[in-house]
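Q: Hi, could you walk me through this one? I'd like to ask a few quick things as we go.

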Amino acid sequence: MARPLTGGPADYTSINLTKREYLGLRLWYAPEADSKSSVDVLDTFPIIRVAVAYVTSDGEKLTSFPADLSLLDKCTVEYVDFEGWQSSTEGARSWSHLPPQAQKYIEFIESSVAIKVVYIGTGQDREDMIYRE
């Protein structure tokens, strides 16, 4: 079965943008609402994978999550890979304090789901947050 996530610790290295409608409604209240993302959980990964499509056995590219599980079982996942930043973002309080690779990753997500990421979590504390207007 095509799965962008492995079920183990490496799951943090992957986000599935084929579920963008779901992401817009569940994670970010509504598609037009501001959103939140956390980057500190990705600090140690050399590569960060973003699932952008499912490819059927006959080569058709699906950019939304297949509703038919029998079709999903025959698909492979297409990823865009990003270079990890492999440095701590914990406690960062401004966009300029994020590594360029983290900024590029967030900008790709924003362009893919058409929602600006306004709140970026950078740690476990309530204050570990970047706010972008």
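Q: What share of the contacts between residues at least 6 apart in sequence join residues at least 24 apart?
A: In the protein, 65% of them do; contact here means heavy atoms within 4.5 Å. This is a predicted model, where local features need pLDDT of at least 70 and side-chain atom pairs count only at pLDDT 80 or more, while totals for chains, interfaces and linings use all residues. Residues are numbered from 1 along each chain as its sequence is written, and side-chain values use heavy atoms, with hydrogens and water left out.

Q: Thanks! What pattern does the protein follow along the sequence?
A: The order is β-α-β-β-β-α-β-α-β-β, with 3 helices and 7 strands. Helices (H or I, at least four residues) and strands (E, at least two) are DSSP runs, numbered from the N terminus.

Q: How many salt bridges does a search of the whole structure find?
A: There are 4; a salt bridge is a side-chain nitrogen of Lys or Arg within 4 Å of a carboxyl oxygen of Asp or Glu. One of them pairs Asp81 with Arg49, the closest N and O atoms being 2.8 Å apart. That pair links distant parts of the chain, with Asp81 in strand 5 and Arg49 in strand 3 (residues 47-55), 32 residues apart.

Q: And Arg132, which residue does it form a salt bridge with?
A: Its partner is Glu110, and the closest N and O atoms are 2.8 Å apart. Arg132 sits in the segment after strand 7 and Glu110 in helix 3, 22 residues apart.

Q: Are Arg132 and Glu110 buried or exposed?
A: Both Arg132 and Glu110 are buried. Buried means under 20% relative accessible area, exposed over 50%, and partly exposed in between (1.4 Å probe, protein chains only).

Q: Changing topic: where does Asp128 lie?
A: Asp128 is in the loop between strand 6 (117-121) and strand 7 (129-131).

Q: Why does Asp128 count as buried?
A: Because its relative accessible area is 6%. The Asp128 side chain also makes a polar contact of 3.2 Å with that of Arg93. A polar contact is a pair of N or O atoms within 3.5 Å; within protein, one must be able to donate a hydrogen and the other to accept it, and residues adjacent in sequence count only if both atoms are side-chain atoms.

Q: Last one: what is Ser87 in contact with, leaving aside its neighbours within four places in sequence?
A: Ser87 is in contact with Asp43 and Pro99. Ser87 counts as partly exposed because its relative accessibility is 32%.
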